[in-house]
Amino acid sequence: GPKGIGALYVREGAPFVPLIFGGMQERGRRAGTENVAGIAGFAAAADQAKNQLKSERERLSVLRNDFESRTLAEIPGVSITGGNGPRLCNTSHMIFEGLSAETILIRLDQKGIFASNGSACMSGSGEPSKVLLAMGYSEAEARAGVRFSFGRYTTPEEIDYLLEALREIVNGLRKGELAESAGPEAGRN
């Protein structure tokens, strides 16, 4: 729905302390005048989401699965985090063996592609994911993980563009690392 509006479901009898005091709206749970336009917009968005939930979940699953299978087939040294278990239909987390997620993210950003190296609530922290570490991944693997999220307006053409960019970036980084590890003499042949 519109920015500035939300919903909170509170179980009857659950303790509740308002963040802002001053009025008796919603049985003393909130103060201030209700944002009627925002409430109507939120209701319309919730109704639309409910009506499209199943078809959108299926569409996003197809996009995500296509992206993952093509990435695994076309880019060596990539693994899907949690790929064998139940996952959100719109999210793919991949570990790019031996690479830095930060470097991949910078290169993706230069191509107009936005991704993250951690969960949405931890983006920008710079620390390896505690969840990945708890799952048994090494710190290096956790730092090589990139999260891709797809949404209602994501198209198959955008997945094609993402895969093309990712292939170019990862292959370029790996070739650069091979040249660097071979030493300064490698480029003189």
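Serine 92 has phenylalanine 148, a residue of strand 3, as its bridge partner. The model in which this pairing occurs is predicted. Strand 2, which spans residues 91-96, pairs with strand 3 through five bridges in the antiparallel sense. Strands of a sheet pair through backbone hydrogen bonds, in either a parallel or an antiparallel manner.

The sheet as a whole is open and consists of three strands in the order 1-2-3, with antiparallel pairing. Strand 1 (78-80) and strand 3 (145-149) are at the edges, and each has a single partner strand, so one side of each is left without a neighbour in the sheet. From one strand to the next, the twist averages 30°.

Two helices are described here in relation to the sheet. Helix 2, formed by residues 36-74, packs on the sheet and touches strand 1, strand 2 and strand 3. The direction of helix 2 makes about 15° with that of strand 2. Helix 3 (residues 101-110) lies across strand 2 and strand 3, and runs at about 40° to strand 3.

Aromatic contacts were examined next. A pair of aromatic rings is described by the distance of the centres and the angle of the planes. The structure holds two aromatic pairs. One of them is formed by phenylalanine 67 and phenylalanine 148, in an edge-to-face arrangement with 5.2 Å from centre to centre and 70° between the planes. Because phenylalanine 67 belongs to helix 2 and phenylalanine 148 to strand 3, this pair ties together parts that are 81 residues apart in sequence. Phenylalanine 67 is buried, its relative accessible area being 0%. Phenylalanine 148 also counts as buried, at 2% relative accessibility.

Phenylalanine 67 pairs with phenylalanine 150 as well: the ring centres are 5.6 Å apart and the planes stand at 75°, so this pair is edge-to-face. It links distant parts of the chain, with phenylalanine 67 in helix 2 and phenylalanine 150 in the loop between strand 3 and helix 6 (156-182), 83 residues apart. Both phenylalanine 67 and phenylalanine 150 are buried.

Phe67, Phe148 and Phe150 together form one aromatic cluster.

Note on methods:
Residues are numbered from 1 along each chain as its sequence is written. This is a predicted model: local features need pLDDT of at least 70, side-chain atom pairs count only at pLDDT 80 or more; totals for chains, interfaces and linings use all residues. Side-chain values use heavy atoms; hydrogens and water are left out. Two strands pair if DSSP finds at least two bridges between them. Helices (H or I, at least four residues) and strands (E, at least two) are DSSP runs, numbered from the N terminus. Axes are lines fitted to C-alpha atoms, for helices over the stretch in contact, and angles run from 0 to 180 degrees between N-to-C directions. Contact means heavy atoms within 4.5 Å. Rings of Phe, Tyr and Trp (its six-membered ring) pair if their centres lie within 6.5 Å; planes under 30 degrees apart count as stacked, over 60 as edge-to-face and the rest as tilted. Buried means under 20% relative accessible area, exposed over 50%, partly exposed in between (1.4 Å probe, protein chains only).
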